[in-house]
Amino acid sequence: MNFLACASAMILNVTLREMDSNRTLDLDEPSAYMLQEWIISPPYTDMKMFLIPPIVCLVAAILVIPSILFVIFSSFSIRQETRYLLLGNALLCDLMYLIFYTLSAILNGANLTLPKYACVLLLFLLAVTYCGGLLTAAAMVLDIFLAILFPLRYVAILPSSRTKKLIVLIWLSSGVFPGIIYLVLMVTQKPAPCPMNTCSVPIILVMTLHGDDAVKFCYMLSVAALFLCLALIHGCYIILYLKTRQSGIWESVFSRASVTFLMHHTILFFYFSPLLALVVETLLYINAVIGLRTGIWMSLTICNVLMVLPKALLPYLYGLRYREISSSLKFIFRMKRLSLVSPVVSP
């Protein structure tokens, strides 16, 4: 309510100044246009319907990810392989992201305001887990790249001990980049006359387009880093295809190599389609093709649907595809079923 009163006073002052100079209020001015639409149609009443996708994806992930993680880390032979360690780290990052984001979406849907430092911590954890999943996906591509191009030296190049160090490096890198951006913003930002107490990721993404040069620079830097990661991943896949197309593994459409290639590209498409949609939304918004309300709806769709969907699909499309994991899960469930069936005693 304090923000609404402050914003109303600002718009009234702008209107009076414009009337004194015999001009009309320029609704295309970003700050006045944003504040007017925000007051007339606050998005919180329309956000509750967007709670369904994160909750559904979280439930779908909880049904299978803990079981896969248990199989990976409880079996000595499985956790000695690089691909399974990276898969476990990717699933862990995705599960944590779904938990944190669903919590954030529920709090915002209920119109509950978090304290400033709690909101900063939640946003930081979201950034760390999202970057961790993305970097782990890149490391999984690198693992396949090394296994195919250097099969004889693969074990020496990336043993399990080095993979564990790589996972630690991934987590450190995932925390350093958001931390640097936060420090830059904390140093460069000045107290706003009408501070907006919101911890909603979609709304924050829209509000960054109205920030100063430091905010816009951090936004562009994050998008550029994501595009660079995407380019490196696709570059590795192109090199793999060129190196292996003469080996005959691509002859059949249903061959294991073709299915694996298609599966990886499907997962990558789901991971990076939100980024492309976000860039399109940004271009439409800064060119005044869409308004603030449409921009918020698009951001809600990107964050609450497109960004959480691949994290729920990854364990089903990728984790259960490994024979060792699927057979271990079948064995565990079979043992549980047998333990629940009481023995029949003959008279």
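The following is a conversation about a predicted model of one protein chain.

Visitor: What does the secondary structure of the chain come to?
Guide: The chain has 13 helices and 0 strands, where helices are DSSP runs of H or I with at least four residues, strands are runs of E with at least two, and numbering starts at the N terminus. The model is predicted, local features need pLDDT of at least 70, side-chain atom pairs count only at pLDDT 80 or more, and totals for chains, interfaces and linings use all residues. Residues are numbered from 1 along each chain as its sequence is written, and side-chain values use heavy atoms, with hydrogens and water left out.

Visitor: How many of the residues count as buried, in percent?
Guide: Of the 347 residues, 40% count as buried, a term for under 20% relative accessible area, with exposed over 50% and partly exposed in between (1.4 Å probe, protein chains only).

Visitor: Turning to α5 and α9, at what angle do they pack?
Guide: Helix α5 (residues 116-149) and helix α9 (residues 213-244) pack at an angle of about 20°, with their axes 10 Å apart. That makes α5 roughly parallel to α9, since angles under 35 degrees count as roughly parallel, over 145 as roughly antiparallel, 65 to 115 as roughly perpendicular and the rest as oblique. Axes are lines fitted to C-alpha atoms, for helices over the stretch in contact, and angles run from 0 to 180 degrees between N-to-C directions.

Visitor: And which residues meet there?
Guide: Those in α5 include Tyr130, Leu134 and Phe145, and those in α9 include Leu226, Cys229 and Tyr237; contact means heavy atoms within 4.5 Å.

Visitor: What about α7, which of its residues are buried?
Guide: Ser160, Thr163, Ile167, Ile170, Ser174, Gly175, Pro178, Gly179 and Ile181 are buried in α7. The buried residues of this helix pack against α4, α5 and α9.

Visitor: Is α4 mostly covered or mostly open?
Guide: Mostly covered, as 22 of the 28 residues in α4 are buried. Helix α4 (residues 82-109) should span 40 Å at 1.5 Å a residue, and its end C-alpha atoms are 40 Å apart, which agrees; the expected span is 1.5 Å times one less than the number of residues. Asn111, which follows α4, has a positive phi, near 60°.

Visitor: Which residues does Lys311 touch?
Guide: Not counting residues up to four places away in sequence, Lys311 touches Ile65, Asp94, Tyr97, Leu98, Tyr130 and Tyr271.
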